[in-house]
Number of protein chains: 4
Amino acid sequence: MVVELKKEVSIEKARELAEATQSILVENEILKLVTFSKIKELPAALETYTENFAVTPNDLQLASRIYKQDTISVKIGNDIELGGEKNNTLMMTGPCSVESEEQIETVSKFLVKNNIKVLRAGCYKPRTSPYSFQGMGLEGLQLLAKMREKYGLKVITEVRDYSHIEEVIEYSDVVQVGAKAMYDQGILRRCGKANKPVLIKRGFGSTLQEFAQAAEFVLSGGNENVILCERGIRTFEFNTRFTLDLCGVAWLKEKTNLPIVLDPSHALGARYGIADLSRACVAMGIDGLLIETHPDPSIAKSDAAQQLDFKMFEEMNASLKAVANAVGRVMI
Amino acid sequence: MVVELKKEVSIEKARELAEATQSILVENEILKLVTFSKIKELPAALETYTENFAVTPNDLQLASRIYKQDTISVKIGNDIELGGEKNNTLMMTGPCSVESEEQIETVSKFLVKNNIKVLRAGCYKPRTSPYSFQGMGLEGLQLLAKMREKYGLKVITEVRDYSHIEEVIEYSDVVQVGAKAMYDQGILRRCGKANKPVLIKRGFGSTLQEFAQAAEFVLSGGNENVILCERGIRTFEFNTRFTLDLCGVAWLKEKTNLPIVLDPSHALGARYGIADLSRACVAMGIDGLLIETHPDPSIAKSDAAQQLDFKMFEEMNASLKAVANAVGRVMI
Amino acid sequence: MVVELKKEVSIEKARELAEATQSILVENEILKLVTFSKIKELPAALETYTENFAVTPNDLQLASRIYKQDTISVKIGNDIELGGEKNNTLMMTGPCSVESEEQIETVSKFLVKNNIKVLRAGCYKPRTSPYSFQGMGLEGLQLLAKMREKYGLKVITEVRDYSHIEEVIEYSDVVQVGAKAMYDQGILRRCGKANKPVLIKRGFGSTLQEFAQAAEFVLSGGNENVILCERGIRTFEFNTRFTLDLCGVAWLKEKTNLPIVLDPSHALGARYGIADLSRACVAMGIDGLLIETHPDPSIAKSDAAQQLDFKMFEEMNASLKAVANAVGRVMI
Amino acid sequence: MVVELKKEVSIEKARELAEATQSILVENEILKLVTFSKIKELPAALETYTENFAVTPNDLQLASRIYKQDTISVKIGNDIELGGEKNNTLMMTGPCSVESEEQIETVSKFLVKNNIKVLRAGCYKPRTSPYSFQGMGLEGLQLLAKMREKYGLKVITEVRDYSHIEEVIEYSDVVQVGAKAMYDQGILRRCGKANKPVLIKRGFGSTLQEFAQAAEFVLSGGNENVILCERGIRTFEFNTRFTLDLCGVAWLKEKTNLPIVLDPSHALGARYGIADLSRACVAMGIDGLLIETHPDPSIAKSDAAQQLDFKMFEEMNASLKAVANAVGRVMI
């Protein structure tokens with residue numbers, strides 16, 4: 001159950017009520033208590049202090065449309081808005097990894113030329129082997145910050161594990177919680193106290209319910225700016241790298257109030273179908289796309305097979321606007 | 001390897017060559033031999049008789065773009081064409097099961113009103129329990145034939161197992177091989193000798209390679225009119241009934257020369273996201289859709305949760321034209 | 001609900017009651033009616049005629065321990081018994097396919113030497129490509145019958161599709177319904193009227209519930225001799241061919257009253273771990289094993305990688321007796 | 001490629017060689033270099049300094065039987081040994097979570113009574129919701145340490161995320177890297193520098209290759225005491241919580257040189273089949289078992305359904321010795 005407290009309730013009183021009801025106190029502009037989901041009736045102790053409350057069937061609570069019907073609005077900087085009353089579909093693109101200043105600058109210029117506002121690139125790569133390229137780390141983050149300064153881009157980059165969470169929060173405009181870190185409470189709880197939007201990628205072995213509940217860790221920490229990103233799940237089919245779960249996206253749209261972004265590059269793991277899949281994603285009426293683009297994919301240090309080159313990206317990007325319009329949305 | 005024989009080669013000679021090379025003789029207008037896929041060089045015995053040949057990397061042979069680059073054209077009756085040089089996306093709709101004459105006639109009139117040309121409905125239901133509704137069988141097929149006569153519709157209906165294959169071939173315009181029968185060689189080989197187009201649904205536990213190879217059983221029997229239908233695979237996610245595999249569709253489009261149809265109704269298993277998913281499917285640039293629609297889903301004898309009512313269908317259908325146009329296709 | 005009718009109820013009366021209650025009449029020694037599983041109270045119309053009844057939570061009915069607590073006894077010929085009060089674990093072995101008289105005779109002699117009573121070998125192979133070895137068909141069945149005659153072995157062989165069901169029923173001692181045919185109602189219903197035991201393999205994409213319900217098609221047809229066989233399910237892990245589901249076996253043992261056989265050969269798809277897996281299976285307290293053994297696996301026409309040679313088989317077989325004894329069972 | 005350097009090579013020289021060959025230097029008693037796995041011939045720069053080397057086909061390197069044929073020996077304290085030349089199968093048991101001093105002391109006494117040497121219990125629970133019991137944290141660790149002191153038990157407990165890694169290393173005898181943290185490089189790299197054995201649980205969505213490579217992060221950090229634990233993977237089957245992958249265990253035994261432990265409790269997620277599954281695991285010839293046991297499972301704060309009570313545990317435990325003996329092993 002989510003309980004919104006009356007405006008006049010003090011933070012001290014709220015803490016007291018939280019303890020009395022074994023609830024989590026969410027310290028947003030409006031103070032909220034979230035109880036165990038098995039509690040289906042407003043506790044007597046809260047009655048005097050409650051403005052509104054919503055009973056949720058399970059631990060999908062703050063992110064549930066039962067609590068808040070409308071999709072929340074998430075702002076990246078001052079001028080980019082996802083969800084809310086906008087019908088924006090945001091393009092975020094860039095290479096799998098920051099590899100050098102020259103590489104990331106080439107990409108940045110390409111984004112500016114194509115009027116793309118958000119640069120994606122990894123610095124801490126969640127590789128499955130210690131013997132392959134691990135990313136540029138802090139140096140990569142600093143290069144991304146330089147590009148932001150120089151080209152007015154916003155930056156989204158991944159936190160791989162808790163050991164470098166502070167750096168990623170400091171240098172990014174959107175903190176990306178990687179698929180392999182989706183269950184990481186250290187990261188999620190820290191993001192709940194950060195003043196940056198957080199994009200959570202669905203673990204490839206994670207159920208939709210678990211995915212939505214990962215957002216609850218951030219939301220219940222007080223950070224209301226959470227975006228969900230579906231990027232393919234692991235199935236028996238191995239002719240494609242993963243299986244993009246658009247049925248799952250339909251479920252997320254139906255059940256949660258969070259903006260939804262899709263990452264077809266990691267799902268397919270191959271260039272050939274990215275354009276088709278991206279058009280399908282946009283036709284779902286989603287809030288954004290993450291696409292891997294590289295100046296020369298053949299020499300990329302990671303994910304070489306799935307990154308688009310600039311020409312392929314531009315061709316695809318042009319077609320997305322028409323699809324977006326057909327479903328009442330605008331590509332930004 | 002697929003070997004197209006010269007026009008002057010007689011059928012007798014072709015049979016002789018097939019035996020000599022342990023190949024399968026395909027008796028189309030152009031006689032073809034298909035060898036084991038491990039054969040990578042034209043057998044000496046065939047040299048004199050060969051017009052063209054294509055070396056394939058595996059047992060995806062007649063359906064492979066390596067053999068035939070362009071998507072084949074499949075005709076349903078005289079006036080409906082999928083694939084080929086058309087950019088048609090065909091709507092096929094109707095109830096999960098034929099339940100009564102009244103029910104199927106109500107649906108038929110609805111199709112006529114909406115200018116839909118193909119009626120789908122099951123007569124032999126592949127239920128997983130002997131204790132639930134099993135379909136109307138032959139009586140259902142006869143009702144479908146009556147609707148074809150009366151309303152000028154084409155009919156697609158499913159063969160569940162080999163015991164009633166002859167009836168389905170006789171009464172349908174398109175023979176649908178159900179997902180649970182995808183490996184059924186009795187059915188596939190019989191369809192290879194039928195003069196009706198065949199739509200094969202992917203088994204929900206079947207790889208893309210196996211799916212494409214199921215088509216080879218029909219194609220190698222001499223029936224060139226095969227359509228592939230993706231309808232969702234079984235994954236760990238059970239908040240949705242199945243997982244529609246659009247990465248797989250991208251692979252099929254890249255590797256095979258067969259028209260592709262999508263069935264989002266069975267994939268999601270719930271009404272709420274069918275419209276979004278159908279728009280996504282159309283944006284993939286596919287050749288057709290199979291959608292379950294029922295006059296009153298609440299009383300349907302099977303698949304009640306996922307069938308659209310007429311109003312939902314009409315709203316969705318209107319939006320599909322815009323998406324189709326955005327990707328250079330026409331809904332028919 | 002399963003309703004056992006009183007002994008004095010005539011078959012005609014039973015048919016009448018079945019129709020009146022929309023039940024399926026099972027014509028065993030004891031006449032039974034099986035109703036829709038949603039019926040939780042004995043219909044008034046049946047009260048006078050009912051000896052016993054059991055309410056089942058879902059369509060697992062005749063095979064449910066709720067209906068019959070004890071594992072049923074299945075006899076193969078006169079002297080082999082699975083389930084019931086025996087603690088037998090039956091070894092069934094032989095090559096993937098019958099390839100020639102010489103091959104199958106070599107295997108038969110090997111079985112006799114090792115005191116193995118049941119020969120397994122396929123004649124109709126459910127290959128996924130029309131361009132690979134399809135099995136010897138009827139000729140293979142006749143060779144198996146010859147071995148039975150000559151060496152006193154029992155024979156288990158697979159029906160691939162309904163088109164050759166009669167031949168398989170005629171020539172085998174146990175009819176094996178293959179994993180790819182698990183949903184085939186044509187086959188299952190025909191087996192329900194056969195006087196041979198039926199071993200049903202779990203489809204590799206099939207849930208445990210669906211698997212158990214496949215048995216209901218046979219049982220409700222009147223054939224009480226059904227064995228379940230787990231042979232690996234399809235998962236994301238592809239370093240092994242399939243994933244043997246022993247958690248599923250635990251479930252089947254808990255919920256169903258049918259003997260359970262395991263096939264580790266098809267699950268792993270490689271020789272190296274078959275002995276370890278077989279020991280694990282026997283330690284589960286199961287009723288039988290199906291193991292692929294070939295005189296020379298390197299030249300096998302199908303499943304070459306997973307068949308044991310005679311030496312490997314003998315080493316493994318010796319170790320199984322000790323494990324069986326450790327869990328209170330006897331290898332036969 | 002793994003290169004063992006000659007004894008006379010100094011650490012400084014070794015570092016120099018590592019840099020020159022872009023290798024990772026492993027600072028064990030014998031200095032080793034691990035190169036990219038694509039390197040298949042000994043680099044010229046290393047020739048003079050190399051004692052032995054092994055070429056590995058992929059990034060399974062230090063853990064591969066190609067590098068070291070025999071299973072490594074891992075010691076827990078002074079008197080417990082897994083792997084090596086012992087044929088021990090180690091029982092580790094205890095509750096899902098430490099819930100109170102009384103509870104954990106009751107369990108500890110039960111272990112002593114049953115001659116069990118290793119106590120398992122969680123303090124940082126990787127729950128999927130922030131609104132359920134999260135574990136006792138540091139207080140729990142301190143209780144475990146108290147039990148060690150008082151009852152001479154060894155303690156294995158889970159690190160959930162990097163934020164409390166130091167505490168877990170300090171208080172445990174074996175550091176358990178949980179399934180949800182299997183990809184966590186922060187944790188794995190820190191464990192590589194710890195002087196405690198590390199048990200890595202396979203992620204339920206992780207391939208065997210990725211699982212084995214997680215061990216490489218620890219091994220390449222210099223910690224040679226790594227144990228692999230299979231605990232069930234996520235599949236389409238949801239009548240059981242997960243699917244215990246014994247085919248995968250066969251693969252791990254064939255390919256890796258690390259001791260293997262199995263956790264059937266988390267795989268099945270229900271009490272009824274744990275005894276059968278545990279016997280199957282022991283029959284596989286594995287090195288240890290992790291079993292959840294609770295004084296009163298009905299009031300457990302987490303995983304209530306799958307924990308055994310003391311009576312069930314004792315019955316099962318007795319039967320394991322016989323199975324272990326049947327496969328030439330000893331339960332300790």
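This is a predicted model: local features need pLDDT of at least 70, side-chain atom pairs count only at pLDDT 80 or more; totals for chains, interfaces and linings use all residues.

Student: What area do chain D and chain B bury between them?
Tutor: About 360 Å², with 84% of it on carbon and sulfur atoms. On the chain D side, D:Arg234, D:Phe236 and D:Phe238 supply 91% of the area buried against chain B, more than any other three residues.

Student: Switching to helix α7 of chain D: is it mostly covered or mostly open?
Tutor: Mostly covered. The helix spans residues 246-255, and seven of its ten residues are buried.

Student: Which residues of α7(D) are buried?
Tutor: D:Leu246, D:Cys247, D:Gly248, D:Val249, D:Ala250, D:Trp251 and D:Leu252.

Student: What caps the N-terminal end of α7(D)?
Tutor: That's D:Asp245, with a side-chain oxygen 3.4 Å from the backbone nitrogen of D:Cys247.

Student: Now chain A. How many helices and strands does chain A have?
Tutor: Ten helices and 15 strands. Of its 332 residues, 66% count as buried.

Student: What radius of gyration does chain A have, against a compact globule?
Tutor: Chain A has 20 Å, and a compact globule of 332 residues would be near 20 Å, so the two agree. The C-alpha atoms fill a box of roughly 65 × 40 × 40 Å along the principal axes.

Student: What share of the contacts in chain A with a separation of 6 or more comes from residues 24 or more positions apart?
Tutor: They account for 67% of those contacts.

Student: Last topic, backbone angles. What's the phi of C:Gln22?
Tutor: Positive, about 50°, although C:Gln22 is not a glycine. C:Gln22 sits in the loop between α1 (11-20) and β2 (24-27) of chain C.

Student: Is C:Gln22 buried or exposed?
Tutor: Exposed, because its relative accessible area is 59% and the cut-off for exposed is over 50%.

Student: And C:Asn115, where is that?
Tutor: In the loop between α2 (101-113) and β8 (118-120) of chain C. C:Asn115 has a positive phi of about 60° without being a glycine, and at 58% relative accessibility it counts as exposed.

How values were computed
Residues are numbered from 1 along each chain as its sequence is written. Chains are lettered from A and ligands numbered from 1 in the order in which they are written. Side-chain values use heavy atoms; hydrogens and water are left out. Buried area is the accessible area (1.4 Å probe) that two parts lose on being put together, summed over both. Helices (H or I, at least four residues) and strands (E, at least two) are DSSP runs, numbered from the N terminus. The radius of gyration is taken over C-alpha atoms; the globule rule is 2.2 Å times the number of residues to the power 0.38. Buried means under 20% relative accessible area, exposed over 50%, partly exposed in between (1.4 Å probe, protein chains only). Contact means heavy atoms within 4.5 Å. A polar contact is a pair of N or O atoms within 3.5 Å; within protein, one must be able to donate a hydrogen and the other to accept it, and residues adjacent in sequence count only if both atoms are side-chain atoms.
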